[in-house]
Structure formats: structure tokens, C-alpha cells
Amino acid sequence: MRFENKVAIVTGGGRGIGEATAKRFAADGAAVSVWDVNAEAAEAVAGAIRESGGKAIACIVDVSQKDQVDAGVARTIEELGGLHLVVNNAGITRDKSAKKLSEDAWDLVLAVNLKGTFLVCQAAMNVMLEQGYGRIVNTASVAVDGNFGQANYAASKAGVVGLTRTLALELAKPGITVNAVAPGATDTPMFDAVPDEIKAAICKSIPLRRMAEPAEVAAVHAFLCSDDASYITGQLLYVDGGATLGC
Ligand SMILES: NC(=O)c1ccc[n+]([C@@H]2O[C@H](COP(=O)([O-])OP(=O)(O)OC[C@H]3O[C@@H](n4cnc5c(N)ncnc54)[C@H](O)[C@@H]3O)[C@@H](O)[C@H]2O)c1
């Protein structure tokens, strides 16, 4: 199996794209540390993986808190025996037009999406540097190109791209690849509050005429963490059904 003897951390693994990624990595043979702020969700995903014969633990970690991140990495290594793959998937939105955007909403989104990604990368790279091997995939968004009402979110995701490219440069020689994915509209609970007519309009604007399934983004995470992607680093891969083409 693709990830036999590999240990993976998936942040925000309790639902949506993170849940699909945790389950995909487990199906590919990885032992998975499912990180989430939502304890129940993380336990449910880890439990489902164990029930289908895989190996997984749930870690209650807020990625914006360095002490929790460091403890989560230490626990993962202690209980699963190592750390090879990291998918920084945890992310939040607090949408408002820039004129109405509060300082708190700015700080929170930047703390989770950008600082959280950095903290997890930094904690993971310590062990990856020692072993001379690692795969890191960070999560950007099509919003890196700008999106109405998402100044905080777009800035955080554009920051993730700059962080990814810098880490790719710094970590290439020791054998660690660092890439990012930019999902387009993906059918996860993040979209639950969006009215059906808006969803239909979004689908109409996408060349493939539908939203992505979480498993389709998870498949790209798996590719970028696999040996098939051994010569790819510092890249941003759009998984958007062609939505950004011609923009
Ligand atoms: N769904 C989309 O259309 C879409 C599009 C582009 C990018 N993305 C990005 O993909 C990623 C996953 O999106 P999703 O739609 O699956 O989201 P989601 O809201 O369905 O799930 C996110 C998960 O992250 C967890 N989480 C939130 N804050 C956290 C924190 N501080 N620490 C740890 N875990 C935390 C949540 O509890 C939840 O389980 C996010 O980074 C998001 O920005 C999503």
C-alpha cells in the first residue's frame, strides 16, 4: 500500500475535506493522527478508521495554539511511532466586506489559517529534518486570487502560498517536500449555510458544472504525499474543476 509504515497528521480531520483525507490516507495504509478542535468529530473519524481495520488516534488540537500543536506532534510520535506526512487542512471563514470586517474576525482567521499552518509545519519539520524525509501539504483556496467579502480569508490563504514556497526552498535539501492545494467550491459542511440557489449559480460558473467532492481533494493530498510526487515541491495545485481558467 502507498502509505504503508507511514504516519500522517491531518488537521481539521473531523469533517469535510479533512475527514475524507484522514480516511483516504488510512485506506492507503497510513496510521493517522486526526486533529480537530471538535473532540467528538475527531473521535468519530478515528473510530471509523479503526473499525475498518486501520490505525488512528484522535488529538484535540487548536492549530493556532503552539503548546497544543507541540503536544499533538509529541503524542502522535509516541503513540503511532513516527511522523512522515502532514496535511494542514484546518481552516475557517469569517466573511464580511472589508469595510465591516472586525479586527477580531481578521485576527482569528489569520491565526487559524496562516499561523496555525506555520506552527504545525515548524513542529513537524523538527522530526522530518532528523529523519531526512517528509511530505507537507498546506491548504490554500481559489480565494488567493481575491474574493468578495473574504479579505481576511484571502489574505490568510495567499499567506499560506508564500509560506509553502519558502518552506519548500528551506527544506528541499533535507528531503522534505512542501506543496499547497487550492480547492474550489467543495461540498462540505462549510457550505451548509449557503442557500441552494447560490450553490446552483456557483455550479453553473464552474467548467465541470459541479462542486468537488471532499474525496476528490483528498485524492490530490494523497498524490502530493506519495512517491509519485517525489520531484514536486513548492507548487500550488488548483483543484477547482477549471473555475479559475480564463480569469
Ligand atoms: N469547502 C470549500 O469549498 C473549500 C474551498 C477552498 C478551500 N477550502 C479549505 O479547505 C479546508 C477544509 O475545508 P472544509 O470545507 O472541509 O471545512 P469544514 O468547516 O467542513 O471543516 C473544517 C474542520 O476544521 C476544524 N477546525 C476549525 N478550526 C480549527 C482549529 N483552530 N484547529 C483544528 N481544527 C480546526 C473544524 O472543527 C472542522 O472539523 C479549509 O482550510 C478551507 O479553507 C475549502
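Is cysteine 59 buried or exposed? With a relative accessible area of 2%, cysteine 59 is buried. The model discussed here is predicted.

## Cysteines

The structure holds zero disulfides. A disulfide is a covalent bond between the sulfur atoms of two cysteines. For cysteine 59, the closest cysteine sulfur belongs to cysteine 121 and is 17 Å away, which is too far for a bond. The cut-off for a disulfide is a pair of sulfur atoms within 2.5 Å.

Cysteine 203 is also buried, because its relative accessible area of 18% falls under the 20% limit.

In soluble globular proteins, nonpolar side chains tend to be buried together. The largest nonpolar core in this model has 35 residues, and the members that touch the most others are Trp35, Val69, Leu83, Val86, Ile136, Leu167 and Val178. Two or more residues come from each of strand 1 (7-11), strand 2 (31-36), strand 3 (55-60), helix 3 (66-80), helix 4 (103-131), helix 5 (151-171) and strand 6 (176-183). Helix 4 gives the most, with 10 residues. Apart from this core lies another, of 29 residues, including Ala8, Val45, Val137 and Val239.

Isoleucine 136 shows what surrounds one of these core members. Beyond its neighbours within four places in sequence, isoleucine 136 is in contact with Val86, Asn88, Cys121, Met128, Ile176, Thr177, Val178 and Asn179.

Strand 4 pairs in the parallel sense with strand 1, over three bridges. In that direction, alanine 8 stands opposite leucine 85. Strand 4 also pairs in the parallel sense with strand 5 (residues 134-139), over four bridges. Here valine 86 has isoleucine 136 as its bridge partner, and these two residues are also in contact. Together, strand 4, helix 4 and strand 5 make a right-handed β-α-β unit.

## Alanine 58

Alanine 58 is found in strand 3. What is its relative accessible area? The value is 7%, so alanine 58 counts as buried. Residues up to four places away in sequence aside, alanine 58 touches Val34, Ala42, Glu43, Ala46 and Arg75. Threonine 76 is 18 residues from alanine 58 along the chain, and their C-alpha atoms are separated by 9.3 Å.

## Aromatic pair

A pair of aromatic rings is described by the distance of the centres and the angle of the planes. The structure holds one aromatic pair. The rings of phenylalanine 3 and phenylalanine 25 have centres 4.9 Å apart and planes at 40°, so the pair is tilted. This pair links distant parts of the chain, with phenylalanine 3 in the segment before strand 1 and phenylalanine 25 in helix 1 (residues 16-27), 22 residues apart.

## Aspartate 28

Aspartate 28 lies in the loop between helix 1 and strand 2. Its relative accessibility is 13%, and aspartate 28 therefore counts as buried. With neighbours within four places in sequence left aside, its contacts are Met1, Arg2, Phe3, Glu4 and Ala222. One of these, Phe3, is also a member of the aromatic pair.

Methods. Residues numbered from 1 in each chain as written. Predicted model: local features only at pLDDT ≥ 70, side-chain atom pairs only at ≥ 80, totals over all residues. Heavy atoms only, no water. Core = buried A, V, L, I, M, F, W, Y, C linked by side-chain atoms within 4.5 Å. Buried < 20%, exposed > 50% of the residue type's maximum accessible area, 1.4 Å probe, protein only. Contact = heavy atoms within 4.5 Å. Phe/Tyr/Trp six-rings, centres within 6.5 Å; stacked < 30°, edge-to-face > 60°. Pairing = 2+ DSSP bridges. Right-handed = clockwise from strand over helix to strand, strands pointing away.
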